[in-house]
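Hi everyone, thanks for coming. I'd like to walk you through one structure today, so please have a look at it while I talk.

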Amino acid sequence: MYYDVIMAGFGGQGIQIISQIVAVAAIKKGLSVTYLPSYGVEKRGGRTNVTLVVSDGEIGSMVTNTPVSIIAMDTIALEKYQPMVTPGGLVIANTSLIAKELLSRDDIDNLPIPCNEEAIAMGNSRVANMIALGAFIARAHFLEYADIEGVMQEVVPERLRQTIPGNLAAIRRGMEIAANGKR
């Protein structure tokens, strides 16, 4: 098994935390993981992305030029990384901030989700990233919900632990959307 993903957006969208959750859950499952975060010096609003490579064998490089999937939380992320996705790959796009017309490739699995609107409908605008994470878990097939649930206490900072139930609910909602193919 080999899977690489680039998760990208702007600072404050929770890109770093969802990538850490996936990385730690994969490690706990006995998989090899490389984690390559990148972010600007701005506290909020700068560009942020993470490249994750997960494998059941040795990983030759933490860099990928043709990821199996991307999670794009805004238009800049989609425009930068969509052309790189390997044919047959997966693009999860936050269509709250990305026009659906920009999902231009027909050789990949496009999963447009209005993450911000879904989060607001759940009563917490800050869980848009968790909805995208849930969709990723449902479509990537190398982690289960229980794997994610099992690492939340470890990954989420102590000062934010009260948010875990809401985050888990958002992850389940993202999985449900991905399973139903809601566009």
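This is a predicted model: local features need pLDDT of at least 70, side-chain atom pairs count only at pLDDT 80 or more; totals for chains, interfaces and linings use all residues.

I'll start with the sheet, go on to the helices, and finish with some aromatic rings.

Six strands make up an open sheet, and if you read across it the order is β2-β3-β1-β4-β5-β6, with mixed pairing. At the edges sit β2, residues 32-39, and β6, residues 109-113, each of which pairs on one side only. On average, neighbouring strands here are turned by 10° against each other, if we ignore direction.

How do β1 and β3 pair, parallel or antiparallel? They pair in the antiparallel sense, over nine bridges. To find your place there, look for Met-7, whose bridge partner in β3 is Val-50. Turning to β4, we find that β1 and β4 run parallel and are joined by four bridges. Here Ile-6 stands opposite Ile-70 in β4. As for burial, seven of the nine residues of β1 are buried, so the strand is mostly covered.

Opposite Ile-71, you'll see Ile-92 in β5.

Now for the helices. Which strands does helix α1 lie across? With residues 15-28, α1 lies across β1, β2, β3 and β4, and it runs at about 10° to β3. α1 also packs against helix α5, residues 145-155, at an angle of about 115°, and the two axes are 9 Å apart. The crossing of α1 with α5 is right-handed. On the α1 side, the residues that meet α5 include Ile-17, Ile-21 and Val-24, while the α5 side includes Ile-148, Val-151 and Met-152. Sorted by class, this contact has eight nonpolar residues, one polar and three charged.

Asn-167 belongs to helix α6, residues 164-180. Is Asn-167 buried or exposed? Its relative accessibility is 9%, and because the cut-off for buried is under 20%, Asn-167 counts as buried. If we leave aside neighbours within four places in sequence, Asn-167 is in contact with Val-127, Met-130 and Met-152.

Last topic: the rings. The count of aromatic pairs comes to three. One of them is Tyr-3 with Phe-136: the ring centres are 5.8 Å apart and the planes stand at 75°, so this pair is edge-to-face. This pair links distant parts of the chain, with Tyr-3 in β1 and Phe-136 in helix α4, residues 128-140, at a separation of 133 residues. Both Tyr-3 and Phe-136 are buried.

Tyr-3 also pairs with Phe-142, and this time the arrangement is tilted, with 5.2 Å from centre to centre and 45° between the planes. Because Tyr-3 lies in β1 and Phe-142 in the loop between α4 and α5, the pair ties together parts that are 139 residues apart in sequence. At 8% relative accessibility, Phe-142 counts as buried too. Put together, the ring pairs link Tyr-3, Phe-136 and Phe-142 into a cluster.

Notes. Residues are numbered from 1 along each chain as its sequence is written. Side-chain values use heavy atoms; hydrogens and water are left out. Two strands pair if DSSP finds at least two bridges between them. Helices (H or I, at least four residues) and strands (E, at least two) are DSSP runs, numbered from the N terminus. Axes are lines fitted to C-alpha atoms, for helices over the stretch in contact, and angles run from 0 to 180 degrees between N-to-C directions. Contact means heavy atoms within 4.5 Å. A crossing is left-handed if the near helix is turned anticlockwise from the far one by less than a right angle, and right-handed if clockwise. Ala, Val, Leu, Ile, Met, Phe, Trp, Tyr, Cys and Pro count as nonpolar, Asp, Glu, Lys and Arg as charged, and the others, Gly among them, as polar. Buried means under 20% relative accessible area, exposed over 50%, partly exposed in between (1.4 Å probe, protein chains only). Rings of Phe, Tyr and Trp (its six-membered ring) pair if their centres lie within 6.5 Å; planes under 30 degrees apart count as stacked, over 60 as edge-to-face and the rest as tilted.
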